[in-house]
Amino acid sequence: METIALSPNTTAVSPPDSITAVIPSIENNATPNPDNSHSDPKSSSAPMEINDSTTEPVEIDNVGAEPGPEAQPRQESQQRKRRRRRKRIFTDMITPSASRLRLLRPHAKPSATSAADEDVDDTLTGYFRKRRGPSDLSKEVDIEALIAISVGFPVDSLTEEEIEANVVPQIGDTEQANYIVVRNHILARWRSNVAVWLTRDHVLESIRAEHKNLVNSAYNFLLHHGYINFGVAPAIKEVKMNSMEEMPQGSVIVIGAGISGLVAARQLIFLGFKVVVLEGRPRPGGRVRTKKMSGTDGGVVGAADLGGSVLTGINGNPLGVLARQLGVPLHKVRDICPLYLPDGRIVNSDVDSKVESSFNKILDRVCKLRQGIMEEIRSVDISLGTALEAFRRVYRVAEEPLERMLLDWHLANLEYANASLLSNLSMAFWDQDDPYEMGGDHCFIPGGNERLVRALAEDLPIFYNHPVESVRYGSDGVMVYAGGQEYQSDMVLCTVPLGVLKRGAIEFVPELSERKKDAIERLGFGLLNKVAILFPYDFWGGEIDTFGHLAENPGMRGEFFLFYSYCAVAGGPLLIALVAGEAAVKFEKMSPVESVTRVLEILKGIFSPKGIAVPDPVQAVCTRWGQDQFSYGSYSYVAIGASGDDYDILAENIAGRVFFAGEATNRQYPATMHGALLSGMREAAHIMRAARRRSDTHSAKMSTIIHESNDVNAVFETPDIAFGSFSILYDPQSVDMESNALLRVAVRSEKSDSELMHLYGLIQRKQAIELHDLEDDVKRMEMLTHRFRVRLVGINSFCDAAESLISRIKSVKSSSIRLN
């Protein structure tokens, strides 16, 4: 990113991304008082002091300065448009399912007494210990189901993860319905107080003991998959530190200290794994970066989120849980967003409404079209941009210049949502994640999202400035090469952005499968850039969080089309201008001075006609995410020819050794911070399951080996010939001197002279005689290895010929025992 310290003699400097952001301590979500925000600093470029998120001017003589904001006429009162989101809101998600909740509701037992005094019984009924009426209990079950829906669970079925975890013995029966109610109850109970550790005993206080098996199953699933008892609350961290799995599960290298990597590392340590995190940057957070901005004298400061910034939907959002645990208040992004023409006039509300309605209609028509021809476009996909333009022409939408500028603004907003040009988006699947979107308000975190990052990174073993170059994996584990060093582990979790995988910046040996490489190629990884500008005071008014700017050139419709006001959360008068679509690509080739100058031109075009002077900035920062070697872009999208399946393919592990997390591996929540977090939790659970499967397989194999070892040792109790440490059994069905014989050599253990281990080899009968004739075991071993070229192996490495010989020997010996 480019940082600009602007003064009368403007200069541009480019510090490395290693500058650590220092975030102002903001404990209260204080929206600036409009009166204070328009107070008169005696100079338009005078710095402002920060005091508890409010600004006070420095008293400086006003000599030849432009009028301060208080001397200027206030912005005229205008109708401000509420921007309707294209995504479904939370209530839309749950309404169609509400009737199905009746299937899960308990029914009271028939009784002569009042129903309100009866315990709820039978199917669901016997769950709850407390005596509650059926109406109250029914309402509680519904509320808990809605909470589960907000977290991402289906209404009356199991998730794929639950099926893989075998949470119920049989899918689809009454036990499954009962399990779902218990699961929802546990989830809702912890969500009611995320600052404490919810124990199994706490759950059993409200659910009867006879359903303990359901409690154990649901509790274990929710705990190990990170749905409960996760986060950074002191009580949670203390319990996790003291209750880590006693038996070591293995070792894991996590590549990347972004949100997914940090969350996965914390969960894996809790699950009993030895973990190390390798991060190429000198800081944690990845594409989440909060930059402290200030003037040269430090009088005005502000915290700007240069990467991931908005919590998109707070209902059920795990990032909201982290904020609650840290005591950080969330600031709702107010959806009033006035739009301004290039000459500074506000867009007429009637024209605005007409164009927005037309935009939504043609978008809906595209969606209806694809429903009718879905099979065809699976094989021949086209771009969303092409389809929208075709419908625009057919229905003659936005033919007037003003209407076309308005339509272009909405198209730019769509390109912002997807971090790509509409010409790159798949018409068939660009919005495949819509049904899963988390509902509720969109929010900012005061002080920036790095507050969450710092809390997640605390106490983790992270090696910064260690970019990974190579990952080599096999049946015996993983080798990772980073920063000239070699790291060995049982498994590796790769959380690097899709852009890094697309560039082939990390070598995988063996190579990734064609299936995974094709998915990486098909999925898109787009670009969104920002210009963050700290001003000496708030001249735009603090009662709104966003305002938009229309462009005359359709090719540059995404250039600074939307401004976020960070006054309420940054600790200072901060504006962030967004650059999307084609403009975001061209932006990376502009100089930072040119970019900031262009932003100031737009702001002056909006506010100068109103008599509001735009002051010189205190500091400005321009992002360059497309040039960042640790991301090569901003976030993923479904490109032409891709589908939601590609997110799943990217998430697939390789041989139970190499795992993948990050927003581009999350089909339900791609391109979001919470999607990254959830993918980290998901893979921690998958790694645990893979480790346990490997452990179970190893135990079963060892059991087989021990059994076979006992059988072989039994036949060697009466060898045909023995000398020194050597014992030999001949083929009982042949007297030929070149026939096979089984050799066993006793070797002292390095740990203890009293412990013996046995190695085996296949030799000829005549070679056994030659070994017998030698004087000592040293000479015998030399003859065996150098002259006979026999390689001794363990009992689990017998060749087919050795196995066949043992079978014949055991058969003859067992027959002999029966005859005797």
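**Salt bridges**

I began with the salt bridges, and the count comes to 33, where a salt bridge is a side-chain nitrogen of Lys or Arg within 4 Å of a carboxyl oxygen of Asp or Glu. I note at the outset that this is a predicted model, in which local features need pLDDT of at least 70 and side-chain atom pairs count only at pLDDT 80 or more, while totals for chains, interfaces and linings use all residues. Residues are numbered from 1 along each chain as its sequence is written, and side-chain values use heavy atoms, with hydrogens and water left out.

I looked up Glu507 and found its side chain in a salt bridge with that of Arg472, at 3.6 Å from N to O. Because Glu507 belongs to strand 20 (residues 507–509) and Arg472 to strand 16 (residues 468–474), this pair ties together parts that are 35 residues apart in sequence; for the numbering, helices (H or I, at least four residues) and strands (E, at least two) are DSSP runs, counted from the N terminus. Glu507 counts as partly exposed at 39% relative accessibility, and Arg472 is likewise partly exposed, with a relative accessible area of 35%. For these terms, buried means under 20% relative accessible area, exposed over 50%, and partly exposed in between, with a 1.4 Å probe and protein chains only.

I then turned to Glu652, whose side chain meets that of Arg515 in a salt bridge of 2.6 Å, N to O. Glu652 sits in the loop between helix 22 (644–651) and strand 28 (658–660), whereas Arg515 lies in helix 18 (residues 514–522), so the pair ties together parts that are 137 residues apart in sequence. I recorded Glu652 as partly exposed at 31% relative accessibility, and Arg515 as partly exposed with a relative accessible area of 45%.

Lys586 counts as partly exposed at 40% relative accessibility, and Glu582 is partly exposed with a relative accessible area of 34%. I also noted that Arg404, Asp408, Glu415 and Arg557 are joined into one network by salt bridges that share partners.

I traced an open sheet of 3 strands in the order 11-14-12, with antiparallel pairing; two strands pair if DSSP finds at least two bridges between them. Its edge strands are strand 11 (311–312) and strand 12 (331–332), each of which pairs on one side only. Strand 11 pairs with strand 14 (residues 442–444) in the antiparallel sense over 2 bridges, and I found Thr312 opposite His442 in strand 14.

**Backbone geometry**

Which residues would I flag for their backbone? Most residues other than glycine have a negative phi, and most peptide bonds are trans. The peptide bond from Val509 to Pro510 is cis, with omega near -5°, and I placed Pro510 in the loop between strand 20 and helix 18. Asn465, although not a glycine, has a positive phi of about 55° and is found in the loop between strand 15 (462–463) and strand 16. Arg789 is also not a glycine and has a positive phi of about 55°; I located Arg789 in the loop between helix 25 (777–787) and helix 26 (800–819), where Arg789 counts as exposed at 70% relative accessibility.
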